[in-house]
Structure formats: C-alpha cells, structure tokens
Amino acid sequence: MEWNPETLQFLSQCFLHTLSPQPEPRRAAESSLSEAADRPNYGLAVLRLLAEPSVDEQIRQGAAVNFKNHLRNRWVPCNDPNAGPTFSPILDPEKDQIKTLIVSLMLFSSPRIQSQLSEALAVIGKHDFPKSWPTLLPELVSNLQKAAQSADYASINGILGTANSIFKKFRYQYKTNDLLLDLKYCLDNFAAPLLEIFLKTASLIDSTATSPGGGSPVTLRPLFESQRLCCRIFFSLNFQELPEFFEDHMREWMGEFRKYLTMNYPSLESSADGLALVDELRAAVCENISLYMEKNEEEFQGYLNDFASAVWSLLTNVSQSSSRDKLAVTAMKFLTTVSTSVHHTLFANDGVIPQICQSIVIPNVRLRDEDEELFEMNYVEFIRRDMEGSDLDTRRRISCELLKGIATNYKKQVTDIVSIQIQNLLSSFTANASTNWKDKDCAIYLVVSLATKKAGGTSVSTDLVDVQTFFTSVIVPELQSQDVNAFPMLKAGALKFFTMFRAQIQKPVAFQLFPDLVRFLGAESNVVHSYAASCIEKLLLVKDEGGKARYTSADITPCVPVLMNNLFNALKFPESEENQYVMKCIMRVLGIADISSEIAGPCIGGLTSILNEVCKNPKNPIFNHYLFESVVILIRRACERDASLITAFEASLFPSLQTILANDVTEFLPYAFQLLAQLVELNRPPISPSYMQIFMLLLSPDSWKRSSNVPALVRLLQAFLQKAPHELNQEGRLNQVLGIFNMLVSSRSTEEQGFYVLNTVIEYLEYGVIAPYMSNIWNVLFMRLQNNRTIKFQKSLVIFMSLFLIRHGAKNLVDTMNAVQNNIFLVILEQFWIPNLKLITGTIELKLTAVASTRLICESPVLLDAAVARHWGTMLDSIVTLLSRPEQDRVEEEPEMPDIAENVGYTAAFVKLYNAGKKEDDPLTDVKDPKQLFVASLAKLSALSPGRYPKIINENLEPANQAALLQLCSTYNCTIV
C-alpha cells in the first residue's frame with residue numbers, strides 16, 4: 001500500500017465510517033480495512049495517518065486502536081488453524097520502518113493516541129526487544145533525558161509507560177541465562193536514567209507541595225503518575241535479584257519511598273481521583289518494600305523499622321472506602337511478610353498486638369456496604385471470594401492472614417486477644433440483635449478464617465473457641481430460625497461455619513439440623529441456598545476413622561423426596577438456574593440415597609428438562625459437568641435396583657441426546673457419547689434400531705475428527721462391540737471399525753485409544769470372524785513399531801498380544817504373525833515382548849500378561865524348542881520381575897515427548913464422567929492368583945523333562961530373580977526339577 005493522498009483519503013473515510021452508528025456503512029468500512037490489512041505496508045500507512053495533524057482526532061484514535069490490533073495479529077502471526085483466522089505476517093522491511101517511526105510519533109501524540117501506541121510498542125517489544133530492536137532503549141533514554149530538561153511530563157510518562165510495559169517480562173518469569181542477559185542490558189542502559197528522573201520528579205513534588213496552598217492538582221497529577229511508573233519499573237528490574245546499582249543507591253530510593261508513605265498531599269487528596277492517584281503510588285511503594293523484605297531481607301533490614309512504623313500508621317488512617325482497598329491490602333501484606341520473618345520481634349512490644357487487632361484487623365473484617373452489595377448483586381463472585389478462597393486480595397481475608405502471620409510466633413497472645421474480641425462482638429449482638437447483627441457476622445468470620453487446616457486433609461481446628469459450645473450457642477440459633485430470608489448474611493456465615501467444622505459436629509447434633517438445611521434450600525438469597533446445598537453435599541462426604549462414611553443411605557433416604565424437590569426448586573430462583581453448588585448436591589444425594597422408581601421418575605424428568613434448556617446455550621462448564629454426572633449416577637443407581645427402568649430413561653433422554661448430536665453442541669458431545677455408552681452397556685441384546693442408527697454415525701470418519709470426542713467415542717464403540725458383536729460382521733462394519741483403529745493407532749496422542757478398540761474386537765468376536773483381517777492388523781502394528789514406536793505403544797502391544805493369546809490361543813497368535821513375515825514372532829518376542837513385560841502396570845493388565853506369558857513358555861511348542869532356550873530363559877526372567885517386584889522398583893516412567901503438531905491450539909477438552917466409568921473387564925475370571933498359576937505350570941513343565949530347566953534358569957535369570965523364583969516356589973509348595 002503506497003503512501004499518497006488517495007491512501008490518506010481512503011483510510012480516513014474507512015476509519016470515519018467504522019465510528020458510524022449505522023451498521024451498513026460500519027460493516028462496509030470494516031470489510032474494506034480487513035482487505036487492505038492483507039496488503040504490504042498497511043500498518044506503515046496507518047501509522048503515517050496518525051502523524052497527520054489535519055486528520056480529525058477521533059479518526060486518528062480509531063486508527064490507533066486498529067494499528068495496535070493489526071500488530072497483535074500480524075507481527076508474529078499464530079499458525080494454528082484452530083485458533084481462529086490466520087493472518088499474513090508483516091514483512092521485515094515494513095517492520096523496520098515502523099520501529100523507526102513509532103517512538104517519536106508516540107511521544108508527540110495526544111494522551112489517548114499515546115496510550116494506544118504505547119501498547120502497540122509493547123507488542124513489538126514482547127517479540128523483538130532487545131535482540132531484534134537494539135535501538136529502542138537508547139532512543140527511549142535519549143528522549144527521556146530531553147523531556148526531563150523541559151519538564152515535559154506528557155512525554156516522560158509516555159516513555160516510562162512504554163518502559164514499564166517492556167520490562168514486565170522480568171516479573172514472574174523463570175530465571176534463565178537469556179533472561180538475565182536481557183535484564184543486565186536493561187539495567188546497564190536504564191537504571192541510572194530511572195533514578196535520575198525519579199529524584200528530579202521527587203524534588204518537583206516537594207517544591208510544589210510546600211508552596212502556598214500545597215500546589216496545583218493539575219501540576220501534581222503528572223508528577224505522581226511519573227513516580228508510580230518509576231516504582232513499577234523498580235519492581236520489574238529488582239524482581240529476579242538485587243542489582244548492584246540499586247544496592248548502591250538504596251538510600252535514595254528508600255528515602256523517597258518512606259516519604260510517600262508518611263506525607264499527605266491535601267491539595268491533591270481533596271478530590272477522589274487525586275486521592276486514588278496518591279494511593280496508587282503508595283501501593284506501588286508497599287509492593288516494592290514487600291519485594292525487598294521477601295528477597296533482600298539482609299540488605300533491607302536497616303530500613304525495616306521505619307517502614308514498619310510508617311505502614312502501621314498509614315493503615316490506622318486508611319478509611320474503609322473501597323477505593324482505598326488496594327493500598328490497605330498491599331500495606332497489610334507487607335506487615336504479614338514482616339510478621340513471619342526473623343524480624344517478628346517488632347510485634348513483641350507491649351500493646352502492639354492488641355493495637356493491631358483493634359485498629360487494623362477488626363475494622364477491616366467488619367462487613368461493609370460493598371460486601372452487602374456483592375452478596376445481593378453478584379452471588380457467584382461473593383461465593384468465589386468467601387467460600388473458595390479467591391479473596392486473598394480483599395481486606396477481610398488479608399487482615400486475617402496478618403493475624404495468622406503474627407500468631408506464627410505469638411500464638412497465645414493472638415488467641416487470647418482475638419477470643420476476647422469475639423466475646424465482645426457476641427455481647428454487642430446479644431444487646432441489640434437487629435442493629436448489631438454485623439458484630440455476630442464478624443465474630444463468626446474471625447473463627448472461620450483463623451481456623452487451621454490439617455495438612456493433607458479436610459479437617460480444621462481452632463483454639464479461639466470451643467467448637468461444640470460455639471456451634472450450639474452461636475450457630476444453631478441461626479440455623480433453627482424459622483424465617484429463612486431474615487438476615488441472610490448471618491445465615492450464610494452460620495452455614496459456612498457448619499460446613500467448615502462438619503467433621504467436629506457429632507452426628508446426632510448435625511443430623512437433627514438436617515431438616516433445617518433442607519429448609520434453607522428455599523431461601524430467596526442465592527448465597528444462602530447455595531451454602532445450604534454445599535453444606536449438605538459436604539456433610540455426605542464426611543468419613544469417620546477407618547474411612548467409613550458417617551452418613552449412609554439409611555440416614556438420608558427418608559427425606560430424599562423433600563430434599564430433591566427443594567433442590568430442583570432452588571434451580572428455579574432467578575440467577576440460580578445454573579447453580580453449580582445445587583447441582584453438585586443433587587449429584588451427591590443421588591450417589592448415596594436408595595433410588596426407587598418413585599424418586600427416579602421425577603429426578604430424570606427434572607434433569608432432562610434442565611439439559612434441554614442448557615443445550616440452547618451452554619455457559620457454565622462446572623454446572624454442566626455435575627448435570628451429566630447426576631444423570632449417569634441416577635441411571636446407574638436406579639438400574640442396579642430395577643433394570644427395567646432403562647426403557648423409561650431412554651424415552652426421557654433420547655430426544656435430548658438427538659438434539660446434542662443434530663445441533664453439534666460441541667461442549668456436550670463427549671458427555672453425550674459417554675452417556676450413550678452407559679445406556680448401551682445396561683441394555684440386553686438385541687440392541688434397538690435407534691441405537692444402531694447411532695452406531696452407524698459412530699463408524700463415520702467425520703465423527704472422529706475432534707480429538708476431544710475420541711475417548712468418549714472409543715468407550716461408546718467398545719459398548720457396541722460388546723453388546724452387538726454379530727451386527728458388527730454385517731455390511732462391512734468390521735472393516736470400518738478397523739479403519740478407526742488404524743487412524744487412532746497412527747497418532748501418538750490416540751494410540752492407546754486405538755488399542756482399546758482393537759482389544760475389544762479381539763475379546764468379543766470369534767476367531768473365524770477376525771482371522772481374515774489379522775494380516776492387515778499386524779502390518780499396521782509392525783509399521784508403527786518400525787517408524788515411530790513409544791514406550792506406551794510397546795506396552796499396549798504386549799497387552800494386545802497377551803489378550804489375543806488368552807482368547808484365541810498361542811498357535812493362532814504365532815501363525816498369524818509369521819504369516820506376515822517368516823519367524824517374525826520370535827523377533828517381536830525378543831525385542832519387544834520380553835523387555836516391555838516388566839513395565840506393565842494395572843491389576844488386570846498385570847494378570848493378563850503374566851498368565852499369557854506363562855502359557856507361552858509352558859505350553860507353546862515354539863518356545864519349548866531347545867533351539868530357543870535363551871528366549872525361554874529371558875522370558876522367564878521378565879515374568880519373575882513382573883510378579884515379584886513392586887511397581888515402583890520395575891517401572892521408570894519415561895516422559896513421552898509430545899508430538900507438537902498434535903498439541904497446538906485450543907480444543908474443547910474431553911472430561912471423563914466419573915460416575916459413568918467403564919467397569920474393567922477381566923478376561924481371566926477363572927484365574928485367582930497369577931503367581932500360583934505361574935509356579936504350578938513351571939513345576940508341571942519341569943517334571944516332564946527333569947534337569948533341563950534348572951540349567952536354563954541358572955544361565956538366564958538375574959541372581960535376584962533366581963532368589964525370587966525360589967521364594968515363589970516355596971510359598972506355593974512347588975518344585976522345579
């Protein structure tokens with residue numbers, strides 16, 4: 001695209017029309033720009049348009065956004081076809097010209113255009129800086145020094161904003177030599193100019209703030225923004241390790257940092273946005289000193305006392321306004337870091353801990369208007385913070401973390417003080433319950449938040465109160481309150497306490513409250529009925545010592561009709577139509593209660609109705625998962641009691657499943673296939689025609705194109721092969737199934753699934769049916785062995801050969817393999833079966849391969865031939881290793897190198913339905929102990945040729961395995977002669 005007046009006119013008109021409220025001209029303009037973007041030098045042309053002062057500011061703003069997005073898509077385009085449209089890349093000559101122009105243009109642009117160009121520059125920097133753009137940093141430094149001389153803070157802040165963007169890569173990245181080399185380059189060029197502009201701006205702030213009237217806010221704003229950016233750059237450059245330059249100049253940095261925490265700037269702080277700007281600087285300072293406290297404690301300790309006192313003083317004066325939350329949280333995080341360090345003695349002085357508790361913790365734990373608003377308006381976010389622990393950046397949570405930190409070294413003082421505070425809060429509530437309900441909420445929150453979890457378990461404990469007494473006197477009255485809608489936040493707190501301390505609440509006490517929990521499912525508050533559902537669900541998981549479930553089907557079955565009715569009604573409340581906590585509770589109840597036909601009918605009706613609704617627009621993946629889990633567990637549990645219910649389930653579910661398949665509801669396909677597999681497995685042959693239609697769909701190669709569907713499709717195919725083996729041998733269907741096996745086994749990511757298909761064919765079809773296909777099957781497997789074998793593939797091959805031998809005999813195994821290539825059986829045996837046998841894991845797989853290998857060496861003429869005595873001996877050695885050594889001693893899992901081409905890009909993931917799990921089939925139900933079969937077979941064989949086998953054993957078995965074999969013989973009272 002050439003730069004000329006026509007190009008300027010064309011682009012200006014297009015960008016003008018993209019701002020049009022009318023859809024037709026807007027779409028036409030967007031289409032024209034999309035076509036133009038594929039032409040060389042488009043980005044350069046848009047950048048030049050931005051430099052034209054004659055073009056309207058609004059048009060240039062639209063162009064700046066377009067330029068930034070153009071660079072995002074095309075500077076280094078993504079080559080993954082699954083990630084959306086592919087874009088042609090910007091060519092190197094155009095890239096060089098853009099890099100030459102962008103810095104100076106950014107500096108002289110208006111603030112809105114400058115911010116877009118700064119982001120565009122960061123996009124380039126992410127890929128090219130510093131190695132492919134060595135001129136950037138010198139250019140930024142040169143312009144920074146020029147702007148500093150004229151105190152041009154619009155340009156200074158543009159440069160600092162850009163530097164902040166490109167230096168962010170030094171935060172949180174894994175430390176590598178390349179990263180440290182890049183960091184050294186940036187430090188060498190930017191550390192000194194950064195300190196220079198920081199001190200210059202500090203001096204300007206001091207002189208402006210001390211002038212009559214405290215200086216103009218208009219003057220102070222850009223200065224404070226500049227200092228905030230300097231602090232963020234400081235954080236990035238110091239994150240990996242303490243650079244020598246910053247250690248040498250720590251006094252200058254820390255002196256200014258402390259000043260911003262202790263001084264006030266009334267002329268700026270008198271307005272809300274001015275106060276927010278000063279607080280952002282203070283929060284950035286708190287993050288910097290926290291970083292030094294965590295990583296450079298020794299060098300920082302000389303400044304620690306002053307900063308601890310400054311932060312403490314600051315916190316006692318920070319108001320409860322939500323606009324000051326970030327400052328309060330970062331300041332408390334700093335004190336928390338100090339409290340757990342070797343400098344915790346700062347908290348040991350008389351009165352310090354009580355004062356922190358009184359003036360910092362309690363005020364920040366109390367409910368604020370913002371919390372009540374979140375509770376009512378956005379229950380999902382409230383629960384995410386309150387119940388699921390994503391509230392680490394809230395005042396309530398971080399103030400409790402501060403107390404926990406202090407308690408690390410001063411547990412008794414903290415416990416005594418907080419216990420008194422809790423009693424005071426509860427007394428206040430008792431004095432006037434309706435006015436002081438927030439005091440009770442605060443007391444409950446303190447007990448719950450300061451409870452300690454036992455490592456590796458769900459059990460919690462607290463020293464603040466006696467749990468049983470607190471539960472009876474404080475929590476039970478809330479749970480037994482007849483009005484489920486009164487004081488909903490208190491009810492939620494009580495339910496949360498019950499949930500957290502569920503293991504400590506004795507069964508008779510908890511069980512007495514079960515009807516109340518069921519009642520709370522009818523509360524209008526989304527949080528309250530969610531917490532009630534969560535409490536019931538978690539109670540049903542409680543285990544007593546020895547792992548025995550505390551609550552059984554006998555306990556809950558009597559109240560199941562009311563419970564299920566209330567759970568389904570809870571899903572009718574506004575905003576709770578896809579409430580994951582309620583659906584998880586439905587799933588848990590169905591997994592424990594006795595499911596009679598009276599319960600099954602309404603449940604499947606309710607679940608199907610919900611499924612039909614969410615099919616229209618799947619939004620909440622967690623809710624959807626529990627929905628399908630609920631369906632499959634209902635079917636499994638109900639059919640265990642009454643197999644005839646399968647017909648009713650099919651009648652309810654088939655329309656929904658057909659909708660999913662017909663409309664290609666991608667998110668639900670893996671679930672639908674697993675559900676269908678479960679239904680097929682529960683059927684008795686012959687399979688109905690409606691299933692056979694699905695079977696035909698299953699055999700179409702198009703169905704297998706999405707990798708997320710493959711495990712579920714394999715499961716469904718296995719179900720059909722088991723239930724309808726005769727239908728498989730009609731109309732060329734077996735050929736299609738083996739085509740699917742071939743496709744799956746050819747790729748590393750699906751090879752295991754391919755073997756699942758093949759193993760099912762071998763297990764359920766007669767030998768006469770599969771014999772004509774065996775040459776092709778072996779050819780496919782041998783080709784894969786030759787070209788691209790993995791350990792997983794080799795283990796799967798050993799399992800397949802073992803299954804074939806068990807089902808169709810050693811002779812057929814040997815003959816079909818040797819028909820492909822003369823004597824290949826012994827080659828495969830030596831190179832793959834023997835070395836990989838010892839790597840087999842899984843109870844059924846171990847038994848299958850051990851028994852098959854035993855039969856091979858004890859019954860197959862091929863291995864009983866004296867000419868292959870060495871093969872016989874090494875095979876025996878592998879069998880002994882497999883049977884005598886624990887898994888961890890014989891299996892060293894090698895990480896498989898993923899095939900990159902198969903893993904690029906995002907696809908809808910396969911999620912296994914736990915409750916629809918396939919029952920593992922044991923093809924050797926008659927063999928109870930493979931070890932006993934092994935030594936008995938060996939003893940029987942040796943008795944036929946006394947003296948022959950001890951010599952082979954001596955020559956081929958490792959000494960450890962010879963000892964293990966003797967031990968096995970002794971255990972089962974067998975002798976090898």
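Biologist: How do the axes of H9 and helix H10 cross, and within what distance do they come?

Modeller: This is a predicted model, where local features need pLDDT of at least 70, side-chain atom pairs count only at pLDDT 80 or more, and totals for chains, interfaces and linings use all residues. Residues are numbered from 1 along each chain as its sequence is written, and side-chain values use heavy atoms, with hydrogens and water left out. Two packed helices are described by the angle between their axes and the distance between the axes. Here the axes of H9 and H10 (residues 217–238) come within 9 Å and cross at roughly 150°. Helices are DSSP runs (H or I, at least four residues) numbered from the N terminus; axes are lines fitted to C-alpha atoms over the stretch in contact, with angles from 0 to 180 degrees between N-to-C directions. H9 is therefore roughly antiparallel to H10 (over 145 degrees).

Biologist: Which residues of H9 and H10 make the contact?

Modeller: Contact means heavy atoms within 4.5 Å. Among them are Phe 190 and Phe 198 of H9, and Phe 224 and Phe 234 of H10.

Biologist: Is Gln 580 buried or exposed?

Modeller: Buried means under 20% relative accessible area, exposed over 50%, partly exposed in between (1.4 Å probe, protein chains only). Gln 580 has 17% relative accessibility, so it counts as buried. Gln 580 lies in helix H30 (residues 580–592). The side chain of Gln 580 makes a polar contact with that of Asn 620 at 3.3 Å (N or O atoms within 3.5 Å, one able to donate a hydrogen and the other to accept it; residues adjacent in sequence count only if both atoms are side-chain atoms).

How values were computed:
Helix = DSSP H or I, 4+ residues; strand = E, 2+ residues; numbered from the N terminus. Parallel < 35°, antiparallel > 145°, perpendicular 65-115°, else oblique.
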